[in-house]
Amino acid sequence: MATAADFCRLKFMPLSVNSPFHHQQQHHGFGFNYSNKYKFSYSGRRSFRVNCQTTSGVDSSSKVSHSDLQLAAVVGKDRLSKVPTSNIRNFSIIAHIDHGKSTLADKLLQMTGSVESREMKDQFLDNMDLERERGITIKLQAARMRFMYENEPYCLNLIDTPGHVDFSYEVSRSLAACEGALLVVDASQGVEAQTLANVYLALENNLEVIPVLNKIDLPGAEPNRISQEIEEVIGLDCSNAIYCSAKEGIGITEILNAIVQRIPPPHDTNGRPLRALIFDSYYDAYRGVIVYFRVVDGTIKKGDRIIFMASGKVGYLSASIKSVADARVGDTITHYTRRAEQSLPGYKEATPMVFCGLFPIDADQFPELRDALEKLQLNDAALKFEPETSSAMGFGFRCGFLGLLHMEIVQERLEREYNLTLIITAPSVVYRVNTIYGDTVECSNPSLLPEPGKRSSIEEPYVKIELLTPKDYIGPLMELAQDRRGEFKEMKYLTESRASIIYELPLAEMVGDFFDQLKSRSKGYASMEYSFIGYRESELIKLDILINGDCVEPLATIVHKDKAYAVGRALTQKLKELIPRQMFKVPIQACVGSKVIASESLSAIRKDVLAKCYGGDITRKKKLLRKQAEGKRRMKAIGKVDVPQEAFMAVLKLEKEVL
Amino acid sequence: MLKLSFTPLSTTFPSKIIPPRLLKSITTNTLSQAPQTVRQNDTTTSTNTPQHKLPPKSAYIHLPFCRKRCHYCDFPIIALGSSSAPEEDPRILNYIQTLCREIKATSLNSNPNPSLETVFFGGGTPSLVPPKLVSLVLETLSSKFGVSLEAEMSMEMDPGTFDRGKLKELMELRVNRVSLGVQAFQDGLLKACGRAHGVKEIYEAIDIVKACGVENWSLDLISSLPHQTPEMWEESLKLTIQAHPTHVSVYDLQVEKDTKFGVLYTPGEFPLPSEDLSAEFYRMASRMLTDAGYNHYEISSYCRSGYMCKHNYTYWKNEPFYGFGLGSASYVNGIRFSRPRKLKEFMHYVELLEDGGVNCEDDSTDAKDLAMDVIMLSLRTARGLDLKSFAKAFGCELVLSLCKVYQPYVESGHIVFLDDKLKTITVDEYSSLLSDDRKMSEVPAFLRLSDPDGFLLSNELISHAFGVVGS
């Protein structure tokens, strides 16, 4: 039985006797799976076990003593139900990207014996290939640990959260399910923009925040200075901040103790009608819909008949729920017979900020692309898509994303996990076009912008950005923001050497290389955070691109009229670099209306011949030719011209001087 | 223990393709007992024997020895250094013995077996091998397969590696075609690419070839060498024409990854000529040699009438051939196989072969692969792809798609279609065919790359056809 404020994972099972998990069902109870062998699953692709028993395999050099380990092992074998609500701690870790959040999570799992060391690998919770490769966390993750504190078993529920600004939506979801948070700050880097954003989110949620200074083993670490900075910038008392090195295993026990001591237990609301908040769900091909939820009020046990308050779908905990859509993230679960009166507040709906077209290179892959997008959407609520048709590209989808990283991640997942070959068009924001007929049209696709004669004005989304930077880079960063049509709002010194600069600028100017520029102009030291503030009217025009005389819709872009010439010039130059030379001369032009404002031409290939098939050995040559043919297949034929994927993103890669 | 696995690089082809008999001018009055169909020597095609299943009538022999490695070379060679005399070098003798064992151990599938019509000694520098050892190889070939009295027997020879006596000896062994590796007529260029000879040795070699009365000889050049100027290239071509060879090969320098040039240079960048200049070198060769009466019969080959290299032509026709020696490729029974490029592994391979441990699996490869081979090989020739026989082997649909995919390139003059009378189909005529599938599959009989524009872009053009075949 799970009591109030505990975390659970619901498993909605198909009722087949031949289920591959039959044995397990008997072992752990039908359909409701939490026990000392807490089975932890994620993303429908892979599952692994988090054994809550500790083991001989733990590194002997670790800071946990042998007797502690033994104790932990005993605790691990205890049934969770023995842990009263007052011994439950729900917490998450918030940090700026790269400040060591995932490493700390790894260490916590290891130290509590939640993961056996032979199963341990770095970034344990980042189990998407992409997460490991990029070293980032994309999806929130949950894990349960047992911990002995003063001879009492505690249950610590950790939700790992993404650090990147694109995924703050996921962060808000995880914070809403906790009472406390570890604020991890790199002891050499200090407070960064996302640290601020996430810590404010946490404080808004009334979480107890425990400051942790990580990476104290690094030579450049200045934990004292940085804790002072935290106090000054965030206003958080750092007198009992914990100094740690997750990598070296220093300070981990102190963190665990602090979690128990300082984070309040959840309110005991066992008597109230059940309310459980779904914070993640996915579909597992073998086991049906798996739901992660937090019991906020009341209790739940196997066999209970429940209802999803928003969707109204009814089920038993052991029932098979066919679609993830029925168990929407943010929905509240309650008992069928004893219903709660009000559902929990849930989560703010994620609003996509950036849109792009996704087209399969092979038109036959269109249905596969649709299926893949639908599947991804199941556990990525922020992903939006609708069909789009283009004369140049054929059938595809216009998709909405939280930001550029999100877009890249989705693209990579589609290509890797679903084996699709895609052309992605340059991202665009959503414009609002006021027409002469008095209505307003939303337009996220430049090629569909109403004609000049039909529009009276165009509005574009603006964001407020906050840049945190060492003072040496204030100049270059202000220049950058100014170049991007930014409107200066405020600058203040957080400490003697670090400043916060606030600008308001069009979102469209941030889509693209803004973040890269920020990093390169500040030698990597600056960080940023942004939030949407509303729409403003701007003098915008559509820039068309003609390749070999054909207008290429996906290359059309909406620009401020003062920038049209510079962008046109830069874009044609960039396309000239990106499009491989063809067998004939190819003119590339940028036009506003019918007026050509910039023009380049791609010279013809002069020579592409392999002189000799030596001794009749044609295999190597044939391989080359096949590769060449394959390269052509991966390009999109626009008229007679083969255009590679990169060209469709050219607008993002323009040199900074021209913008 | 000694088991090595040699994977055939390419395997059998199920369909029966009968390539056109191209060499009208060359008569092959062989005395061998080849099947009737093989010996038909007209343009009609025979339909009853899968061509690639016929026993080979050509053999390539790899003689890998060189004084030193040239800077552009990535062939399997064995550098001897300049100290020892080849006559006494045990490495050569050992190799030749292994080579002969390989020939002997080769299984013969057909009975009766036709005599060889062409033998090609390539290298390396085959002219470094003492004639008595060459004789050993030829004797082995003769007793194994028989060598036709009229056989074309070519040998690659480098200036400075042979004298009159040696060439005479080789001619007595019936070597009747010399492929002279001149490469350039400028000492500076020869030195820069690490050749072991200078211009003086070139003239001496030409004199020896002529004095010995070798009627059929090729002068081989490389264009786009580092520091090569148009003036130098023009000079080389002029001197080549003055030397009156019956055949000229012009190879555009390929910068290979694991060579000295590959490390030092990037194609198209100084000191290598720019792509434009390199293309111009190709045009110059085509223009000057054609004006001097040579036929540009293949991308990199020119000849006086009747002096095509018969051996190389078997490659372009996708006909079978044996390959013997280090790193050599063979195409027997529809299987392409490349031997190990390292001497030790090659020795091993021969041992396995003798033990019957090498068997090339006869699993069928799809027709697409075969179609690609036929396209890439035949489009190297001036005659081009025979659409009629191609249609027979691979279907009219494919031919129709090929005819259509090349539309822009017919218009741009890179691709030429010919009718069955070998008359060029004009762009207008072609355009009218586009709307009529029936006529499009009937009228064009050959598809070829134009000279020089189409030849110069052969990879690009052939890869278009690959795209059609592959889809």
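Here are a few questions and answers on how some elements of this predicted model pack together.

Residues are numbered from 1 along each chain as its sequence is written, and chains are lettered from A and ligands numbered from 1 in the order in which they are written. Because the model is predicted, local features need pLDDT of at least 70 and side-chain atom pairs pLDDT 80 or more, while totals for chains, interfaces and linings use all residues; side-chain values use heavy atoms, without hydrogens and water.

Q: Why are H3(A) and H8(A) called roughly perpendicular to each other?
A: Helix H3 (residues 101-111) and helix H8 (residues 252-262) of chain A pack at about 85°. Angles run from 0 to 180 degrees between N-to-C directions, with axes fitted to C-alpha atoms over the stretch in contact. Since 65 to 115 degrees counts as roughly perpendicular, the pair is therefore given that name.

Q: Which residues of H3(A) meet H8(A)?
A: Leu104(A), Lys107(A), Leu108(A) and Met111(A) meet Ile252(A), Ile255(A) and Leu256(A) of H8(A), contact being heavy atoms within 4.5 Å. They divide into six nonpolar, no polar and one charged. Leu, Ile and Met are among the residue types that count as nonpolar, and Lys is among the charged ones.

Q: What makes strand S16 and strand S18 of chain A edge strands?
A: The open sheet has the order S16-S17-S15-S18 (chain A), with antiparallel pairing. Strands S16 (384-390) and S18 (422-424) each pair on one side only.

Q: How do you know that S15(A) and S18(A) pair?
A: Pairing takes at least two bridges found by DSSP, and three bridges join S15 (residues 354-360) to S18(A). In S18(A), Ile424(A) is the bridge partner of Leu358(A).

Notes. Helix = DSSP H or I, 4+ residues; strand = E, 2+ residues; numbered from the N terminus. Parallel < 35°, antiparallel > 145°, perpendicular 65-115°, else oblique.
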